[in-house]
Every structure is written in structure tokens, then in C-alpha cells.
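Hi,

Here is the structure I promised to pass on. Have a look at it first, and then read on for what turned up.

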Amino acid sequence: MFELAALITYVAVVIGLFLIPGPSVLLVITRTVQGGRKVGVATGLGVACGDLLHTLGAALGLSAILMTSATAFNAVKWAGAAYLIYLGIRAFMAKTGTQKGLTLPAVTPRQAFFQAVGAELLNPKTAIFFLAFLPQFVHPEAGSSLVQFAVLGLIFSVLSAVYTSLLALAIRPLSRGIKGLSKLRRWEGKIIGTLFMGLGLKVALQQR
């Protein structure tokens, strides 16, 4: 279905894209620092799942609607921004103890996973990226376009899951260091909340 050279090129481009920090990477880092390795990995898997669903949306024409309709783009954009800002406000407003430091609401890997799926799905920039990027590697004469989209999306999602999992494992020592400093722990909620709200604003300010 795909030529080896085309697949190698595709994988190389995808890896290069991962090395450019974006909202998804920042989301994984933030969650890892907040909840630890399992939460970070679960967040990365949620992002990868969201990417896979975006691929299906691109194949079925959803992304085309987002690209051609300013109303649809803005609706999804503001929904995604509001969701991220909501998560940020929750973390920012969390109460801190006088001796035990930060007492953020517990975030389980399951919660982190579904929150990451929601955040990735509500980012219209991701949908438009898949619409513009994937078709370059889809050739109707090589077989079903839908199947090709699915395979490319699966490869992208697997690489994304591997990359974010390695990232979560790599910054685990940073997480331990932050939690070991009581003074920083008092500000952890403010820092995490600010990061989430910053992500929301970044999505909100995106241009078509």
C-alpha cells in the first residue's frame, strides 16, 4: 500500500514535529509534574487517542468543514480554550495547607486520559493539521483512501504515545524535586493553573 521510502519520510517528518514543543507536550509535562509518571503517561495516551480520532475526522471530511467554515472553527476553538482555562482555574484556586503545602484535587490516570482526549479533540488547529498533512501521503491509486488515512493516523498516534511516554518518564525526577520543596509546593497549584490557562489562551488566539 505504501512505498518504504514514503513511510520513512512520513515517520521522519512526524518525529521532527514532535520535537517542536506545542500545547500537547506542555500538557503532558504539566500533568506529569502534578500527578507523577502514571498520570503523565495516561495524558500522553489521551493525546494520542485524540490524534487518532482527528485522523478519522479528516478522512470523513470533518476537518474540511473546520477549514472552510469560520463559524465552525471558532466554535470548536472557543470550546477547547474554555475547557483548558477551566482546568487551569480549578488548579489555580485549589487551597494550600499551611504545613502540608499544596492540596490539589487528586487526578487519576483515568481522569488525565479523558481530559487529554477532550483537550486534543477540541483543538481545531490539530484537525486542520491532519487535513493538510496526511493527504500528502495518501494515493487513491494505491488502495482505499480511508484505509490509508487510518494507517497513517495509527502510525502517528503510536509514535505520539511512545514520545510522550518517554517524556513523562524523563521528567519524573523533576516532579520529585518539586514535590520535595515545601515552598514550591505552596505555589504548585498557581504554576499548574497558569500553565493550563496559558494553553487555553494560546488555543483561543489561534488564527485560521
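Let's start with how the helices pack. H2 and H3 cross in a right-handed way (a crossing is right-handed if the near helix is turned clockwise from the far one by less than a right angle, and left-handed if anticlockwise). Before going further, some ground rules: this is a predicted model, where local features need pLDDT of at least 70 and side-chain atom pairs count only at pLDDT 80 or more, while totals for chains, interfaces and linings use all residues. Residues are numbered from 1 along each chain as its sequence is written, and side-chain values use heavy atoms, with hydrogens and water left out.

Back to that pair: helix H2 (residues 23–35) packs on H3 at an angle of about 155 degrees, with the axes 7 Å apart. Helices here are DSSP runs of H or I with at least four residues, numbered from the N terminus. The axes are lines fitted to C-alpha atoms over the stretch in contact, and angles run from 0 to 180 degrees between N-to-C directions. H2 and H3 are therefore roughly antiparallel (over 145 degrees; under 35 is roughly parallel, 65 to 115 roughly perpendicular and the rest oblique).

H3 has another partner, helix H8 (residues 145–170): their axes come within 8 Å and cross at roughly 165 degrees. That pair, H3 and H8, is therefore roughly antiparallel too, and H3 passes H8 in a right-handed crossing.

Ala 58 sits in H3, which covers residues 37–60. With a relative accessible area of 6%, Ala 58 is buried (under 20%; exposed is over 50% and partly exposed in between, using a 1.4 Å probe and protein chains only). Ala 58 and Gly 153 are 95 residues apart in sequence, yet 9.8 Å apart in space, C-alpha to C-alpha.

Now for H1. Its buried residues are Tyr 10, Val 14 and Phe 18. Seen down the axis of H1, they fall within an arc of 75 degrees, so they line one face of the helix (the arc is taken over the directions from the axis to the C-beta atoms). The face turned away from that side carries the exposed Ala 5 and Ile 8.

Finally, the aromatic rings. Rings of Phe, Tyr and Trp (its six-membered ring) pair if their centres lie within 6.5 Å, with planes under 30 degrees apart stacked, over 60 edge-to-face and the rest tilted. By this rule there is one aromatic pair. The rings of Phe 113 and Phe 114 have centres 5.1 Å apart and planes at 85 degrees, so the pair is edge-to-face. Phe 113 is partly exposed at 24% relative accessibility, and Phe 114 is partly exposed at 47%.

Cheers

Terms used. Helices (H or I, at least four residues) and strands (E, at least two) are DSSP runs, numbered from the N terminus.
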